[in-house]
Amino acid sequence: MSLTPPPLRSGSVPAPELTHGGHGGSETAPPTPPRQGDTAPPMPPSGGKWRRALFLSLSAAAVLLIVVAAHAVVLPFVLAAVIAYVLTPLVIIVERRRIRRGLAVLLVYVVVLGSVAGFVRIISPRIAYEFGKLRLELPVLANEARDTWVPAIVDRMRVVGIAPSPPAAADAPETAPTSAFVARPLPDGTLAIDVGTGARIVETKDGWVVEPTPERRDISFDPNRLVADAVGRTFAYARQNSLEIARVVRDLVSTVSRAIFIFFITLMLAAYMMITRDRVLSFFRSLVRPSGRAGFDALLRRIDQGLSGVVRGQLVICGINGILSAIGFAFVGLKYWPVMALLAAIFSLVPIFGSIASAVPAVAIGLTQGIPTAFFVLAWIVGIHQLEANLLNPKIMGDAAKIHPVLVIFSLLVGEHFFHVVGALLAVPTMSIAQSFFLHFRGVTEASE
């Protein structure tokens, strides 16, 4: 949704001043003196300005209280505003083809959502295949890290003197008790009861049950018996925990239904915002006194310049980041490179922390293929982010969207602390708006001195 103020309508042009019609000149007519008996026009009350400011302040406070009280349902409106702001330039381009705004919004939705669905349809089989391979290989990687990497690192730390020397060999382990219960005296005079091999403790929904250990028999492998036992245990668990299973199914259905509802309501709200964007901006503009509307328009332009870089520019940079990561990872032969490139693109939505988070799994997988592969992956990621910082950010985002890294980190930590993942995604755009307000009012204050 573009924040540029709408142009003045033809009906809002001030009426021309009266002139001496006989001469056709530009001299204005002298004011007509009031006749006897005429009443003077009413003067605006001196307290009108303060009443207007008080009314607007109370209204803003009431809106803020409503938003805080209804924060659980605000997310669709926030997401709709982001979608509307991102897609409004495309709607304007379609409108220039002499297409009505409502139809233009519908066409943009069809093209954008169709493109996203087609892209997901194309890459989803490969992504699912790579995820399946990664899931099967994760235990192997974990065992290799436990048995090879960790001991090697610990040995090097012991050589340097950082880690302590290995402990002495432990004594022979005590023989396990053979009876069901074994009583051990403790130093304070009490007894500790150990459960031996003849009994076991089973947790149920009502507490704990002590039952005898079933006798183990040497029976040959029988797949039919294993399947029957598994089915029997499944039905037994279902009978004993039917309410819990019903609750889990109900929560799953509720979550899926709510996600679908939020998705469609968000698209509908974004469409309304794009269709009525002129009316929305005119309403906010009408809240400002006529003498301050020029400053309000300047504030909107500053906010638009900052957000266009932070929101639209960051989306473009995410796409470029993902493409470059895929090229480098595929060139070096990194395993699961489509998954790693997709993670790099998605995580780059969160500045600084997202780049670090996406580099860790890629470098870790590169280590399983050798030190040169891991070094190339790390160097490639660093090169991409240097290109992003020194070329893409200035060209795509522009100077108006620059936020100091300290403010970026602060906003990310605050947003994640209070609103988790959604807060981290919206932290930088919110900081951009706050910075625009600060810079605008600082300029107004300096100009009034």
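Asn-321, Ser-325, Phe-329, Met-340, Ala-344, Ser-358, Ile-381, Ile-384 and His-385 line the largest cavity of this predicted model. Two or more residues of this lining come from each of α7, α8 and α10 (371-397). The volume of the largest cavity is about 40 Å³, and the count of cavities of 30 Å³ or more comes to one. Rolling a probe the size of a water molecule over the atoms shows where such empty space is left.

Backbone geometry was examined next. Most residues other than glycine have a negative phi. Against this background, Tyr-336 has a positive phi of about 60 degrees, although the residue is not a glycine. Tyr-336 is placed in the loop between α7 (293-332) and α8 (337-347), and both of these helices also contribute two or more residues to the lining of the largest cavity. The relative accessibility of Tyr-336 is 3%, under the 20% limit, and the residue therefore counts as buried.

A positive phi is also found at Arg-98, again a residue other than glycine, with a value near 60 degrees. Arg-98 belongs to the loop that runs between α2 (75-95) and α3 (101-160). Because its relative accessibility is 83%, over the 50% limit, Arg-98 counts as exposed. Thus Arg-98 is exposed, whereas Tyr-336 is buried.

Key. Residues are numbered from 1 along each chain as its sequence is written. This is a predicted model: local features need pLDDT of at least 70, side-chain atom pairs count only at pLDDT 80 or more; totals for chains, interfaces and linings use all residues. Side-chain values use heavy atoms; hydrogens and water are left out. Helices (H or I, at least four residues) and strands (E, at least two) are DSSP runs, numbered from the N terminus. Buried means under 20% relative accessible area, exposed over 50%, partly exposed in between (1.4 Å probe, protein chains only). On a 1 Å grid over the protein atoms alone, a cavity is a set of points where a 1.4 Å probe fits but cannot get out, and a pocket is an open set with protein on both sides within 12 Å along at least five of seven lines; lining residues have an atom within 4 Å of a point. Grid points are joined across faces, edges and corners, and a volume is the space filled by probe spheres set on the points.
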